[in-house]
Amino acid sequence: MKSAVVTAFDAPLEIQERPVPQPGPGQVLVRMEACGLCHTDIHAAHGDWPVKPSPPFVPGHEGVGVVTALGEGVTDRELGHRVAIPWLGHACGHCDHCVSGWETLCEQQQNSGYSVDGAFAEYAVADAGFVVPVPDTVSSFDAAPLTCAGVTTYKAIKVADIRPAEKVAIFGVGGLGHLAVQYARIVGGIVVAVDVDDTKLELARSLGADHTVNAATTDPVAAIEALGGIDVAVVTAVFPAVFEQAFASLRRGGRLVCVGLPPETDGPMALPIFPTVLKGISVIGSIVGTRQDLTEVFALHAQGRTRVYAESRKLDDVNAAIDDVLSGRATARLVFEF
Ligand SMILES: NC(=O)c1ccc[n+]([C@@H]2O[C@H](COP(=O)([O-])OP(=O)(O)OC[C@H]3O[C@@H](n4cnc5c(N)ncnc54)[C@H](O)[C@@H]3O)[C@@H](O)[C@H]2O)c1
Ligand SMILES: [Zn+2]
Ligand SMILES: [Zn+2]
C-alpha cells in the first residue's frame, strides 16, 4: 500500500510502499477514502512538541474509510461500513477520566498518526472501539475534516459554556477555525473572526461570522475593544502572541479557550495575574473531543447545520500540501483522497 512516512524530523515525508497491516485482536482494517491534513500532522513531522513521536511513523488522524477486515473478537463493527479514525486512537476505559466522560484525558491513550501509525496511507488498522461510524449522508471528503478540526472546535465551544448573544472571537480561521465559527453560531454566539488573510476572513463571513478583523493590518485588541470586547476567545492560531491578544480582548467574566499548540521553542504565553483575577477570567485548555462529541458533529453535519470547506489533494503531493498550509496558501482544510 502507498503510505506517507515521517523518517526524520524536518526531513520531507517519503512516499513508501508498505505491506497492508493485518488487524490484531480488537482492531479493524480500514481502506482509506479520505484523510485531512491537520496542522498537528505538521507539528508531528517536525517534532515540535515536548512529547515527540518516534520516526519512522505514518501521520494522519482525520482518516475516513471502509472497514475491510475484522480482528479477533470484534463484534461491534461490520465489514463495508464507513468509519472515522480520530486522534484518540485508544483510551483505557476504566480510569477516572475515562469513566467520567473525559476519555480525551486518559493517561493510557494512544494517538493515531502520532504514537501509532495513522491514516496517511491506503490502509490503516485501528482500535475497533475507537473508530466512529460515519452517517451515510456525510461524504468521506466532508467527514475527514470533521474528524479532528470539527470535533476539536465543537468541544472547545462546549467547554466555553456560551450563552446566546455572548460575543465569541475565533483567532485563526484555518482548518479548525472555519468550523469553530459555525459551532459558535449554532450555540447563539455573535462571532468575530480574526485572521491575517482576507480570503480566510471572507470565508468566515460566508460561514456566518458577524465581524472580521485582519490582524495583519489592524490591532485586533483595539478592533475588538471597539466592538465592546468579547466574552469568549477560541485560539487556534499557532503563535503565543495571539493567545496574549485574545486574553487582552476579553471582557470581565471572559473565557480564553486554548486550542492551538505552538512549537515548544516559541516559548510560553504571558498570563498577567492582576487582570486575570480582577476580571474573573477563566483560561481553559481544550484537547480534541470524545467519540460521543464526534458522533454529535457528524449528526449536525448530516442535518445540514455545518459546511466543510476543503480542497482535494493526492497523497503523493503531501510535502507540497504541507508547504501550502505553512505559507497560508491553503484556505481551510486540505484533504487527501485515495
Ligand atoms: N487542542 C486540540 O485538540 C487540537 C486539535 C487539532 C489541532 N490543534 C492545533 O491547532 C492549531 C491549528 O490547527 P489548524 O489545522 O486549524 O491549522 P491551520 O494552519 O489550518 O490554521 C491556522 C490559522 O491561523 C491563522 N493565523 C496565522 N497567524 C495568525 C495571527 N497572527 N492571528 C490570527 N490568525 C492567524 C492562519 O492564517 C490560519 O488560518 C495547530 O497548532 C494544531 O496542532 C489542536
Ligand atoms: Zn483511561
Ligand atoms: Zn488534528
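Guide: A polar contact is a pair of N or O atoms within 3.5 Å. Here a polar backbone atom of G175 lies 2.9 Å from an oxygen atom of ligand 1. Another oxygen contact, at 2.7 Å, involves an N or O atom in the side chain of R333. This is a predicted model: local features need pLDDT of at least 70, side-chain atom pairs count only at pLDDT 80 or more, and totals for chains, interfaces and linings use all residues. Residues are numbered from 1 along each chain as its sequence is written, chains are lettered from A and ligands numbered from 1 in the order in which they are written, and side-chain values use heavy atoms, with hydrogens and water left out.

Visitor: How many residues surround ligand 1?

Guide: A residue is near a molecule if one of its heavy atoms lies within 4 Å of it. For ligand 1 there are 29, and H39, T40, D195, V288 and R333 are the closest.

Visitor: Which atoms are the protein donors of the zinc ion (ligand 2)?

Guide: Donors are N, O and S atoms within 2.8 Å of the metal (3.2 Å for Na, K and Ca). The zinc ion has the SG atoms of C92, C95, C98 and C106, at 2.3 to 2.4 Å. Along the chain, these donors follow the spacing C-x2-C-x2-C-x7-C.

Visitor: Why is the arrangement around the zinc ion tetrahedral?

Guide: Four donors count as tetrahedral if all angles lie between 85 and 135 degrees. The four donor atoms here subtend angles of 106 to 119°, and therefore the arrangement is tetrahedral.

Visitor: Are C95 and C106 buried or exposed?

Guide: Buried means under 20% relative accessible area, exposed over 50% (1.4 Å probe, protein chains only). Both C95 and C106 are buried.

Methods:
Tetrahedral: all angles 85-135°; square planar, octahedral: opposite > 155°, others 65-115°. Polar contact = N/O pair within 3.5 Å; in protein donor to acceptor, adjacent residues only side chain to side chain.
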